[in-house]
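Please keep the structure in view while I talk.

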Amino acid sequence: FIEPVAGGLFVGDERGVWFLPGNEPEQFRLSKASDAVAVRRSSVVVNGTHFNKDLTQTDMDVVVWLSTEGYMMGKPSGDILSLHPERIRVAAGLEGRSRFVIRDGIKQIITLVAATNGQTYGLAIDTILQ
């Protein structure tokens, strides 16, 4: 995935997640943000106001993605926050699509996940993002 935040770009590949700080490509310098491999195409940009202020420490957009170590949040500063490392683990090599939804006042990130090798895979978790 490639997702922008105010402070730069988050880029996920088969080695983990990288942060490229700055607003101009010629300023970018690659820095490793996380060793946890992201589920392909599972990223979504969410405004920080939808999360508990103590968690995000920003009202700006953040990036959330599913990784082999659970959901991760990338902040505009380039910092990464692991949201549920004790509750979610998924295999590498998966592909997913995430959406942020608010239903009946409940905020959720929903990720549909599929194995790219033809085998099926499922994941369900009920967690309030506050």
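Ser 67 is buried, with a relative accessible area of 0%, where buried means under 20% relative accessible area, exposed means over 50%, and partly exposed lies in between, all with a 1.4 Å probe and protein chains only. Before I go on, this is a predicted model, in which local features need pLDDT of at least 70 and side-chain atom pairs count only at pLDDT 80 or more, while totals for chains, interfaces and linings use all residues. Residues are numbered from 1 along each chain as its sequence is written, and side-chain values use heavy atoms, with hydrogens and water left out.

The residue Ser 67 lies in strand 6; strands here are DSSP runs of E with at least two residues, helices are runs of H or I with at least four, and both are numbered from the N terminus.

Turning to the strands, Ser 67 stands opposite Gly 70 in strand 7, and a hairpin joins strand 6 to strand 7 through two residues. Strand 6, residues 61-67, runs antiparallel to strand 7 and is joined to it by five bridges; two strands are said to pair if DSSP finds at least two bridges between them. Strand 7, residues 70-74, is mostly covered, with five of its five residues buried. On to strand 8, residues 80-82, which is antiparallel to strand 7 and joined to it by three bridges, and here Met 72 stands opposite Ser 82. The hairpin of strand 7 and strand 8 has five residues between the strands, and in it Gly 78 takes a positive phi near 100°.

Taken together, four strands form an open sheet in the order 5-6-7-8, with antiparallel pairing. Its edge strands are strand 5 (44-47) and strand 8, each of which pairs on one side only.

Gln 57, in the loop between helix 1 (53-56) and strand 6, has a phi near 60°, a positive value in a residue other than glycine, and Gln 57 is exposed, with a relative accessible area of 60%. Asp 104, in the loop between strand 9 (94-103) and strand 10 (106-115), has a positive phi of about 50° although it is not a glycine, and at 82% relative accessibility Asp 104 counts as exposed.

Finally, the second largest pocket has a volume of about 210 Å³. Of the 14 residues that line this pocket, the closest to its centre are Asp 13, Val 37, Ala 38, Val 39 and Arg 40. A pocket is an open set of points on a 1 Å grid over the protein atoms alone, where a 1.4 Å probe fits, with protein on both sides within 12 Å along at least five of seven lines, and lining residues have an atom within 4 Å of a point. Grid points are joined across faces, edges and corners, and the volume is the space filled by probe spheres set on the points.
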